[in-house]
Amino acid sequence: MARGVKAQPPIEKENLKVGPTKKVAAGLVGVQKSFDIGLSEAGIARTIKTMRTVNRFDGFDCPGCAWPDPDDHRSGFEFCENGAKAFATEATKKRATPEMIGSMTVKQLSEMSDMELDKMGRITNPMILREESERYEEIGWEEAFSTISQATSALSSPKEAVLYTSGRTSNEAAFLWGTLARQIGTNNLPDCSNMCHESSGYALGKSIGIGKGTVKLSCFDKADLILVIGQNPGTNHPRMLTALSNCKKNGGSIISINPLEETAMRRFKHPQNPLHMLGSGTQIADEHIPVRIGGDAALLQGFAKVMIDEDSFDHAFIDEHTIDFDEWKKHIQSSDWDEIVLQSGISKTRIEEIGKVISKSRRMIVCWAMGLTQHENSVGVIQEIANLLLAGGHFGKPGAGACPVRGHSNVQGDRTVGINHHPSEEFLSACEDATGIDMPRERGYDAVDFVHAALDDNVRLYMAMGGNFVSAMSDTERVAEAISNIDLTVQISTKMNRSHLVTGKSALILPCLGRTEKDPAGFVTVENSMGVVHPSTGSLEPASQSLLSEPEIVCRIGKSCFPKGPFNWQSFTNYDETRDLISRCIPGFEDYNSRVREKGGFYLPNGPRDGPVWKTPSGKAHFFCNNLPERRLREGSFVMMTVRSHDQYNTTIYGMDDRYRGIYNSRRIVMMNPVDMEELRVVKGQEVDITSHWGDRDIHSERWKVVPYEIPKGNLCSYFPEANVLVPLESTAEGSNTPTSKWIEVTLSTRKARFWKSSSSNLN
Ligand code: SF4
């Protein structure tokens, strides 16, 4: 790597501890952890101020996940433990000053762990890493903008520019960012959804005409059945547990389908309910189905077979609203029970039991997350969900529908307002009319395409609005090689991460305001996982007087690159002007400025939920037939998936513990079924090397500690982002091109016993 920088964090020296998995989620420990992190990072005054304003009608939107807030009320403390970690570390009093960043070479910085980098605190000033230098140095804003405009002018084709977006970006900043890319002349707009819910958007768009969920938060109170598939709400969307316990309170049932039985799906103690805190909490899942990794399509087809046997279809709905039902029914009838049982790892009797519960449901919600979206056949799996929902008539009524749960707070909004590498003609021509800019029509790069293009030396300028692409993306070492080919890389950021160290030949860091902070230009807006657009207003003093807001940074880059128009960038530092522009380009945002000022904001239109009506070419919802995957593993191979620990949010690592799973002090672990451990003759804490296999390509990674865990035999589980190095760039989902981080074929080799012996005394 250029400058000797390390693309992966150093192998930790701490000793692994393994304890029992927790029986109940949240409760007093969750409350205590929320306060602990707030007090240690932000101090008492800032902690109380942020806790009292997060997710309130007049406060700021939690920069954590995209779970919605209640429409009509807000409680005194409207956040969870992981939200508290997200806003406390943004509101931290620690500062990554130019002196601190410049005191080390980028190689030395890259030898710090991801957690240590984050704990440097908020970046206070624009910084530059010049081509001949090993260290960042401070730079003025004007020089930074002119560096970007020179790099833009030097492009030999607009296709050499790539603009990445993270899911924290507000609607206003994202719309302007997309406009900037298109004024440069490209739709090269990869974003974090390429790595997460792209499969959901693609599949649902084809099946029901909208690439989003179709439920409201209040639907959880009315559902008689909720399936939670490939998702760990206790860590990744903790306030979803309140919605699930409301469903239970009202007599609904919940079924969890996941290779791991996660603590929060067993029992939950509501932190704001004193009776809950004293008691043993609420049972969440009535049933847990430990499906094999990659066995979801088979399981869903098994449920569909049971629906056929029970003849429990909503025929009136199917006749009025759908096409291709008969083909799908025939396809399901022809699928083979033995194959379904083999792939899912669930017995026919058990599938029949759950299938009968699904057949009886009149108001079913299906929720899912990355456990379903990051497989080669993810699009097909999500279409099986849509098929089941259509067959039961679960659209267009309260308490029923599809619920892909989005990971980052505004990832859905960014896509809605135009962060899209293949935008529609309707959108582009509306933007052309509103902005006067000639919009490019050629399809741009998604995240995977971008890496391939940079590996081929076809990218000269890369700018990232937030995020940590190097760590978030699959195949870490190849991504690092790709990035190092680029002439100029630019990160618009609040805190340091590995993407500031794995850079192009020269690099800029442009520090921006966080969600918690006062923005002199007023509020920005975001869209949550259920299509509600609402304001976000920070109230803390900014971490530094040198910070600019994200929209202002984009406008000043735009003005510097295109001073002669036709788009008057300067006027869009006024957010009302930007929202007016959005309202002229995107249906559903009419009267944006006044509707978003109403308490709680407004819902975007959603055909399957509000009608149901279907924005598909046929005007109907479609049943899709998908064959089960035919996969043959090498002798001795395992299937591995990646998950997040409880002490992290996306690529941000807050601590070294995974409390609910009972894994402490280590992130370089691999969870393994005890029977597999016995067969492989490995013991708890023993170090193994992992090699992933894809086609002719093998990727080798050293020193992972084995943790015995209740996971289906033949399956393994490791932490994102450390295990991303093992996900081959070429291994992506058909149709959506999402990296297959939940299905990696690997083999293990044991290391010499001395590694195990040296750490054995610290194992429980
Ligand atoms: S559930 Fe998500 S949005 Fe809500 S407080 Fe927790 S992390 Fe933030």
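Predicted model: local features only at pLDDT ≥ 70, side-chain atom pairs only at ≥ 80, totals over all residues.

Modeller: Residues are numbered from 1 along each chain as its sequence is written, and side-chain values use heavy atoms, without hydrogens or water.

Biologist: Which helix gives the most to the lining of the largest pocket?

Modeller: A pocket is an open set of points on a 1 Å grid over the protein atoms alone, where a 1.4 Å probe fits, with protein on both sides within 12 Å along at least five of seven lines; lining residues have an atom within 4 Å of a point. Helices are DSSP runs of H or I, at least four residues, numbered from the N terminus. Four of them, H8, H21, H22 and H29, each supply at least two lining residues. The top contributor, with six residues, is H8.

Biologist: Where does the largest pocket lie?

Modeller: Gly 209, Ile 210, Gly 211, Asn 420 and Lys 615 are the closest lining residues to its centre. Domain bounds come from an automatic or database assignment. Both domains give lining residues, so the pocket lies between domain 1 (33-191 + 410-600) and domain 2 (198-404).

Biologist: How do H7 and H26 run, roughly parallel or roughly antiparallel?

Modeller: Their axes, lines fitted to C-alpha atoms over the stretch in contact, have angles from 0 to 180 degrees between N-to-C directions. The axes come within 8 Å and cross at roughly 20°. Angles under 35 degrees count as roughly parallel and over 145 as roughly antiparallel, so H7 and H26 are roughly parallel.

How values were computed
Parallel < 35°, antiparallel > 145°, perpendicular 65-115°, else oblique.
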